[in-house]
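Dear colleague,

Please find below the sequence and structure that I am handing over to you. My notes on what was found follow directly after.

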Amino acid sequence: MTKFSDLGLSQPVLQALDLKGYDEPTPIQAQAIPPVLEGRDLLGIAQTGTGKTAAFMLPSIDRLRDADNQTPFKSCRMLVLAPTRELAGQIAQSAKDYGALAGLKVHSIVGGTSVNKDRNKLHRGTDILVATPGRLLDLIDQKAFRLDGVEILVLDEADQMLDLGFIHALRRISELVPDDRQTLFF
Ligand code: AMP
């Protein structure tokens, strides 16, 4: 049986998992974590509720820790795009839980809330940003946010984002992130 400690994750992340009470990785976690830690791009297919958030979040937290770059001004190091406010909120909460001991800043922005508040909270940048595509582009169009700091791009529920008509938004976003970023599709 695979254990989290066999997958190459750092001590702070293993400790956070211990606090969460997870005993062993789910299949998508066991398969996705090693290649993501190596910096490879990944297309992961798994149903909701199978632990896919941790499958991309845990190794990404370690990649961010290893690279040790500064939090970029008005930008982020990891961008996670999600189709709905609910999902974005859940992913941001997971990022906070798993990243608690790694000292990474996490923010989320979604439509239907105050844009001004989002502008203010992102002014100094963040390590991890979870966003719905429309709100992200609003901030970019207002010159309140840039994507040139992105090291890891995650598209979660990518199929649902396409069903919801986000294709043009996703194309624009993919043109604005650096070419050498790591890309994870779920
Ligand atoms: P997700 O598919 O990412 O939405 O995760 C579904 C649920 O499973 C969430 O409540 C997670 O906290 C939980 N979870 C994720 N990974 C594990 C694991 N390895 N062991 C136990 N629970 C987990």
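Lys143 lies in the loop between α6 (133–141) and β5; helices (H or I, at least four residues) and strands (E, at least two) are DSSP runs, numbered from the N terminus. Please note that this is a predicted model, in which local features need pLDDT of at least 70 and side-chain atom pairs count only at pLDDT 80 or more, while totals for chains, interfaces and linings use all residues. Residues are numbered from 1 along each chain as its sequence is written, and side-chain values use heavy atoms, with hydrogens and water left out.

The phi angle of Lys143 is near 60°, a positive value in a residue other than glycine. Most residues other than glycine have a negative phi. With a relative accessibility of 66%, Lys143 counts as exposed; in these notes, buried means under 20% relative accessible area, exposed over 50%, and partly exposed in between (1.4 Å probe, protein chains only). Asp68, in the loop between α3 and β2, also has a positive phi, near 55°. Asp68 counts as exposed at 62% relative accessibility.

**The ligand and its surroundings**

Which residues surround the ligand? They are Phe4, Tyr22, Glu24, Pro25, Thr26, Gln29, Gly49, Thr50, Gly51, Lys52 and Thr53, where a residue is near a molecule or strand if one of its heavy atoms lies within 4 Å of it. This shell divides into 3 nonpolar, 6 polar and 2 charged residues. For that division, Ala, Val, Leu, Ile, Met, Phe, Trp, Tyr, Cys and Pro count as nonpolar, Asp, Glu, Lys and Arg as charged, and the others, Gly among them, as polar.

A polar atom in the side chain of Tyr22 is 2.4 Å from an oxygen atom of the ligand. Glu24 places a polar backbone atom 2.9 Å from a ligand nitrogen atom, and a backbone N or O atom of Gly49 lies 3.1 Å from a ligand oxygen atom. Taken alone, the ligand exposes 500 Å², of which the protein buries 64%; accessible areas come from the Shrake-Rupley method with a 1.4 Å probe, and for residues only the protein chains shown count as cover.

**Aromatic pairs**

How many aromatic pairs does a search of the whole structure find? The search finds 2, given that rings of Phe, Tyr and Trp (its six-membered ring) pair if their centres lie within 6.5 Å, with planes under 30 degrees apart counted as stacked, over 60 as edge-to-face and the rest as tilted. The rings of Tyr22 and Tyr98 have centres 6.3 Å apart and planes at 65°, so this pair is edge-to-face. Tyr22 is in the loop between α1 (11–20) and α2 (27–37), whereas Tyr98 is in helix α4 (residues 85–99), 76 residues apart. Tyr22 is partly exposed at 30% relative accessibility, while Tyr98, at 4%, is buried.

The other pair joins Phe56 and Phe186, whose ring centres are 5.3 Å apart with planes at 50°, so the pair is tilted. Phe56 lies in helix α3 (residues 52–67) and Phe186 in the segment after β6 (182–185), so the pair ties together parts that are 130 residues apart in sequence. Both Phe56 and Phe186 are buried.

**The sheet**

An open sheet of 6 strands has the order β1-β6-β5-β2-β4-β3, with parallel pairing; two strands pair if DSSP finds at least two bridges between them. Its edge strands, β1 (42–43) and β3 (106–109), each pair on one side only.

Strand β4 (residues 126–131) has 6 of its 6 residues buried, so it is largely enclosed by the rest of the structure. Strand β2 (residues 76–81) pairs with β4 over 5 bridges in the parallel sense, and Val80 has Val130 as its bridge partner in β4. Parallel strands β3 and β4 are joined by 4 bridges, with Ser108 opposite Val130. Thr126, also in strand β4, is buried at a relative accessible area of 0%, and its side chain reaches the backbone oxygen of Ile128 at 3.2 Å.

With kind regards

Key
Polar contact = N/O pair within 3.5 Å; in protein donor to acceptor, adjacent residues only side chain to side chain.
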